[in-house]
Amino acid sequence: MSQRLSLSEIPDQLSAKEFRRLFGRVEHETLDFKRGVPGDLLDTISAMAMTHGGLIIHGVDDAKNITGCPRSQNTLDRINRFAMECGVEVQVRAVRVDGLELTVTEVPEVRGRIVTTPNGRLLRRVGGDSQPLRGDAMVRFVRDRAEHPGEEEQVAGFADSDVDLAALGRVLEADGRAPAARGQALRALVDLGVALPREPSSDPHVLRAAAVLFAKDPAKFVQGAVVQLVRRVGTGPGPGPSIHREEYSGPLSDVVDRCEKFVARHTNRYEAVTGSRRVILPEYPAAAVREAILNALAHRDYGLPGATVDITVWDDRLEVQSPGPLPGHITVKNMREEHYSRNRRIMRVLKTMGLVEEYGEGVDRMFEEMESRLMEPPIFNATPSSVTVTLRNRFRVRVEDQMWLSLLGRAELTVAERHVLVAVHRERSASPRRLRSMLPWYDIKSTIRGAVAKGLLVRVGERGGSRYELSDEVLLRVGSRGIEAHSRKRQLLLDAMDSRGSISTVEGAAILREGVPAVRQLLHDLIRSGLVRSRGRTRGTRYFRT
């Protein structure tokens, strides 16, 4: 979910540039642009109310041009009538952008009841669209929305002394607040939205969300607020013998760190020298492990008494099991496209801490991290009582190739492009035919085209005899020995020009003992670098130092 602004945070007067900086041009779950007050406002209001709430800005056309929509009596009447038909209380105010008046409607998130359109449709915001829920997804959404989330339950006997001040202080600092001293902790929990205020003379009602996030011993207040960790030998089936077992409880952020360390201790680490660098890779991508643990703790059902998060390290896989079914309308099939949070209060605090960037991105991150190492994607298994994510240590390429790929960083590459880069790296250069024989399950032509467009590969040679090599940019990023060889070849050509005055492509091929197409590509690279100039055409072309 993108960052949501409240109505009170919008200035009365804005320039067009300030408006764009504040809202951008892209609609999302919590932002919608309307030219005026059209009939489909019914859909937008009901969908936002059933998602995260949001802002509707009237006076911006489909091309995202600011056209204006004054807050007239007619505009107000239409907005309020549509909101009333949906059963949602909205707030409306006017803002001026470069002299044009726009109307802004703020839609609250509605929980504890279901909001539909007047004709009975149940909608959710997905990106910038309002999409209907149907069938089983609708049934589960209604049930989940109507139930009282476990994190909302009040805990009895929670005192100021039960708060871990260090954990609380980290969140307050991230939120731009002063640290809380002993005696101020409960008030700080109210400010963070995990406790409910009472009359001034009474302590606030502390919720389970606060105990999970900040209690020294959450299990004292929330039965099952514990993580069980086991290292088992073998791959199953059956439980298999365990060689190590631990149990963690404490502030949620501390538990995440301790679980990560347990997994690191009981899984492999690979080391190798790639080029001039020593690379260390964990058996599983650290970010994928962290997201699996965070998802289990943040999205579990805290209303299930005694149920724990279970993490099991096997020889061939890592399993993280979370109590409770998938929340709302989420299924294994749609979890990468649609988002729904069972524990909103916990998620808001985790976002404040920076442990999650945007709601719903944890699943995508797991897939991306596994793909970046060319490992099998995560496997999700959901039952009515639990959700399990499995990370397998099956590698589609050698560990050495994964280490080399890791030097590219988090580049925006497809799985096919990563496989092609590994193949070209292994062979120094490769023809399309060779790549098709090595990777027959990919569309090599389109993959090569994409890799060339991204500056990852360069073509050497002409049609029929063309081959592909790693680009200078890739070689520089990975710092591999390939760049050293590439640089040596370029220097030999430059030295020959210095001693002879100029060289031809054929002479360069004889000096390097390389094919003419490869040498021609090197010479063209030197021209683009400004080190060399050419004179003449076709076979008569000669190359000089600049």
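Predicted model: local features only at pLDDT ≥ 70, side-chain atom pairs only at ≥ 80, totals over all residues.
How are helix 13 and helix 15 oriented to each other?

**Close-up A. Helix 13 and helix 15 are roughly perpendicular to each other.** Here we look at residues 415-427, which form helix 13, and residues 444-453, which form helix 15. Their axes come within 9 Å and cross at roughly 85°; an angle of 65 to 115 degrees counts as roughly perpendicular, so this pair is described that way. From helix 13, Ala-416, Glu-417 and Val-420 meet Ile-444, Thr-447, Gly-450 and Ala-451 of helix 15. Sorted by class, this contact has four nonpolar residues, two polar and one charged.

**Close-up B. Arg-344 is a buried residue of helix 10.** Helix 10 covers residues 344-353. Arg-344 counts as buried because its relative accessibility is 9%, under the 20% cut-off. A polar atom of the Arg-344 side chain lies 2.8 Å from the backbone oxygen of Ser-341. Leaving aside residues up to four places away in sequence, Arg-344 touches Thr-51, His-52, Glu-109, Arg-111, Arg-145 and Glu-151.

**Close-up C. Asp-32 and Lys-34 meet in a salt bridge.** Side chains of opposite charge can pair when their charged atoms come close. For this pair, the N to O distance is 3.5 Å. Asp-32 counts as buried, at 4% relative accessibility, and Lys-34 is buried too, with a relative accessible area of 8%.

**Close-up D. Arg-182 and Asp-160 form a salt bridge between distant parts of the chain.** The side chains meet at 3.7 Å, N to O. Arg-182 sits in the loop between helix 5 (165-174) and helix 6 (185-191), and Asp-160 in the loop between helix 4 (135-146) and helix 5, with the two residues 22 residues apart. Arg-182 is partly exposed, with a relative accessible area of 41%, whereas Asp-160 is buried at 14%.

**Close-up E. A salt bridge joins the side chains of Arg-336 and Asp-364.** This one has an N to O distance of 3.1 Å. It also links distant parts of the chain, 28 residues apart: Arg-336 is in the loop between strand 15 (317-323) and helix 10, and Asp-364 is in helix 11 (residues 361-372). Arg-336 is partly exposed, with a relative accessible area of 31%.

**Close-up F. Asp-32, Lys-34, Asp-40 and Arg-125 belong to one network.** Salt bridges with shared partners join these four residues. For the model, the count comes to 33 salt bridges.

Conventions
Residues numbered from 1 in each chain as written. Heavy atoms only, no water. Axes fitted to C-alpha atoms, helices over the stretch in contact; angles between N-to-C directions. Helix = DSSP H or I, 4+ residues; strand = E, 2+ residues; numbered from the N terminus. Parallel < 35°, antiparallel > 145°, perpendicular 65-115°, else oblique. Contact = heavy atoms within 4.5 Å. Nonpolar A, V, L, I, M, F, W, Y, C, P; charged D, E, K, R; others polar. Buried < 20%, exposed > 50% of the residue type's maximum accessible area, 1.4 Å probe, protein only. Polar contact = N/O pair within 3.5 Å; in protein donor to acceptor, adjacent residues only side chain to side chain.
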